[in-house]
Amino acid sequence: MTMATVQPHVNDHPGYNVTLSSEAAAVPEIRRLARTACAAWNLSDEAANTAELLISEIATNALKHGRSCSIRVKVERPCTDRVRVSVVDRSRCLAELRQAAVEDVSGRGLLIVDALSDRWGSDLLPWGKRMWAEIVVKVEDGR
């Protein structure tokens with residue numbers, strides 16, 4: 001089991017990140033990271049489910065197309081009412097939203113990300129890209 005790194009964040013909510021091998025076996029751990037972070041922040045099950053699905057879709061895209069032996073996964077709160085999930089890989093090829101044909105067995109991940117997130121995008125980096133998605137969350141328990 002890989003240990004996630006916890007980092008302080010400017011709004012007093014820790015961010016969580018981990019580097020994992022680029023293999024399908026990493027997806028359950030990636031999903032667990034999102035769920036664990038949302039639980040630590042006392043967010044609703046709905047927020048945790050959405051964050052988990054978003055990071056899973058983004059990570060799966062990076063695993064398929066990222067050209068990396070590893071990926072960097074982050075779950076953070078850039079501000080109190082948002083959760084941001086992101087995945088960094090070595091490919092500089094940006095993902096594109098497209099309509100999959102009915103007979104296609106894949107190609108719907110970004111449609112899911114677009115439908116479930118409040119905003120999403122990609123940032124080019126000198127060594128690759130960061131793909132991210134954000135959701136607005138209701139803060140329970142005053143946090």
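Modeller: Two strands are said to pair if DSSP finds at least two bridges between them, and this is a predicted model. Strands β3 and β4, the latter covering residues 82-89, have 5 bridges in the antiparallel sense, so they meet the cut-off of at least two bridges and count as paired. Within this pairing, Lys74 stands opposite Ser86 in β4, and a hairpin of 5 residues joins β3 to β4.

Colleague: What makes β2 and β3 a pair?

Modeller: Strand β2 (residues 15-21) and strand β3 (residues 70-76) run antiparallel and are joined by 6 bridges, where at least two are needed, so the term applies. In β3, Ile71 is the residue that stands opposite Leu20.

Colleague: Which strands pair with β6?

Modeller: Strand β4 is joined to β6 by 8 bridges, the two running antiparallel, and strand β5 (residues 119-125) pairs with β6 in the antiparallel sense over 7 bridges. Asp89 has Lys129 in β6 as its bridge partner, while the partner of Leu125 is Gly128, and 2 residues lie between β5 and β6 in their hairpin.

Colleague: Why is β6 called largely enclosed?

Modeller: Buried means under 20% relative accessible area, and 7 of the 9 residues of β6 are buried, so the strand is largely enclosed by the rest of the structure.

Colleague: How do you know that the span of α2 agrees with what a helix should have?

Modeller: At 1.5 Å a residue, the 21 residues of α2 should span 30 Å, and because the end C-alpha atoms are 30 Å apart, the two values agree. The buried residues of α2 include Ala51, Leu54, Ile55 and Ile58, and among the elements that cover its buried residues are α1, α3 and β6.

Colleague: Which residues touch the most other members of the largest nonpolar core?

Modeller: Val75, Val83 and Val85 do, in a core of 33 residues. The element that gives the most to this core is α2, with 9 residues. Val83 has contacts that include Trp41, Leu43, Ala51 and Val75, leaving aside residues up to four places away in sequence.

Technical notes
Residues numbered from 1 in each chain as written. Predicted model: local features only at pLDDT ≥ 70, side-chain atom pairs only at ≥ 80, totals over all residues. Heavy atoms only, no water. Helix = DSSP H or I, 4+ residues; strand = E, 2+ residues; numbered from the N terminus. Core = buried A, V, L, I, M, F, W, Y, C linked by side-chain atoms within 4.5 Å. Buried < 20%, exposed > 50% of the residue type's maximum accessible area, 1.4 Å probe, protein only. Contact = heavy atoms within 4.5 Å. Expected span 1.5 Å × (residues − 1).
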